[in-house]
Amino acid sequence: MDHRHDRVPFGPRAWEVTFDATTPAELLRDVHTELLDLYLEDRRSDKDHLFEDPTAPHEVYTPLLTRGWSHSVKTDGTQTFLPPEGLGGMNHRYATTGSDGPVWRAWGGYPSEPHWQARFSAGAPTTLAAAFAASLISIEPLHRAVKQIPFHPRPHLYLAPAAATQPPSQLPSALPSAPHPVGRAR
């Protein structure tokens, strides 16, 4: 997804957000929802949050820190946030002069072999990175088949039992009982 300023087709990009094909759908949904909200807010007002987002960077990483993520800062102008189990992370390049790389980068899995990555370029609304980070630390249960989960993070997951179906309320006595099946047995 990229956004071109002043709606000039094929002009220079103002900013860009990229996701790997294996980025979890829930993360994509939350970023796209926030993007739509920004767009609709801009249409209803005289603001231009898609190009002049007032969101401060700490709004992206404060929720990570409150969930126990570690924080390290390097002298090259980057800071890295890692979850307690070390499977994934988020990197913020706060010194952006003379560099074309992403301002925000997130990954799932080990940093040396990520399963997915997301990148937010300079100029991308910080609100989108904040929505991504909030989704990343969400504790809302996800439905996954075992084969959809890479092997090495499995011991770090909490498996919740599937929601049991509620027994039907007492059926009215006027309904006839189901006939016994005729023919093959299971």
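Are Phe 120 and Phe 132 buried or exposed? Both of them are buried. Keep in mind that this is a predicted model.

**Aromatic rings**

- A quick bit of background: you describe a pair of aromatic rings by how far apart the centres are and by the angle of the planes.
- Searching the whole structure turns up 5 aromatic pairs.
- One of them joins Phe 19 and Phe 120, which sit edge-to-face with 6.3 Å centre to centre and 90° between the planes.
- That pair ties together distant parts of the chain, as Phe 19 belongs to strand S2 and Phe 120 to strand S7, 101 residues apart.
- Phe 120 has a relative accessibility of 1%, so it counts as buried, the cut-off being under 20%.
- Phe 120 also pairs with Phe 132: the ring centres are 5.6 Å apart and the planes are at 70°, so this pair is edge-to-face.

- Helix H3 covers residues 126–136 and is mostly covered up, with 9 of its 11 residues buried.
- Among the buried ones are Leu 128, Ala 129, Ala 130, Ala 131 and Phe 132.
- What do the buried residues of H3 pack against? Their partners are helices H1 (25–44) and H2 (58–66), plus strands S2 (13–19), S5 (89–93), S6 (104–110) and S7 (113–120).

**How H1 meets H3**

- Two packed helices can be described by the angle between their axes and the distance between the axes.
- For H1 and H3, the angle is about 145° and the axes are 9 Å apart.
- H1 passes H3 in a right-handed crossing.
- On the H1 side, the contact is made by Glu 26, Leu 27, Asp 30, Val 31, Glu 34, Leu 35 and Leu 38.
- On the H3 side, you'll find Thr 127, Leu 128, Ala 131, Phe 132, Ser 135 and Leu 136.
- Sorted by class, this contact has 8 nonpolar, 2 polar and 3 charged residues.

**Salt bridges**

- Side chains of opposite charge can pair when their charged atoms come close.
- How many salt bridges does a search of the whole structure find? The search finds 3.
- In one, Glu 16 pairs with Arg 13, and the closest N and O atoms are 2.5 Å apart.
- Glu 16 counts as partly exposed because its relative accessibility is 27%.
- In another, Asp 20 pairs with Arg 119, with 3.8 Å between the closest N and O atoms.
- This pair also links distant parts of the chain: Asp 20 lies in the loop between S2 and H1, Arg 119 lies in strand S7, and they are 99 residues apart.
- Asp 20 counts as partly exposed at 26% relative accessibility, and Arg 119 counts as partly exposed at 26% too.
- There is also a salt bridge between Arg 29 and Asp 30, whose closest N and O atoms are 3.1 Å apart.
- Arg 29 is partly exposed at 44% relative accessibility, and Asp 30 is partly exposed with a relative accessible area of 24%.
- Asp 30 turns up in two places in this briefing, in the salt bridge with Arg 29 and in the contact of H1 with H3.

Terms used: Residues are numbered from 1 along each chain as its sequence is written. This is a predicted model: local features need pLDDT of at least 70, side-chain atom pairs count only at pLDDT 80 or more; totals for chains, interfaces and linings use all residues. Side-chain values use heavy atoms; hydrogens and water are left out. Buried means under 20% relative accessible area, exposed over 50%, partly exposed in between (1.4 Å probe, protein chains only). Helices (H or I, at least four residues) and strands (E, at least two) are DSSP runs, numbered from the N terminus. Contact means heavy atoms within 4.5 Å. Rings of Phe, Tyr and Trp (its six-membered ring) pair if their centres lie within 6.5 Å; planes under 30 degrees apart count as stacked, over 60 as edge-to-face and the rest as tilted. Axes are lines fitted to C-alpha atoms, for helices over the stretch in contact, and angles run from 0 to 180 degrees between N-to-C directions. A crossing is left-handed if the near helix is turned anticlockwise from the far one by less than a right angle, and right-handed if clockwise. Ala, Val, Leu, Ile, Met, Phe, Trp, Tyr, Cys and Pro count as nonpolar, Asp, Glu, Lys and Arg as charged, and the others, Gly among them, as polar. A salt bridge is a side-chain nitrogen of Lys or Arg within 4 Å of a carboxyl oxygen of Asp or Glu.
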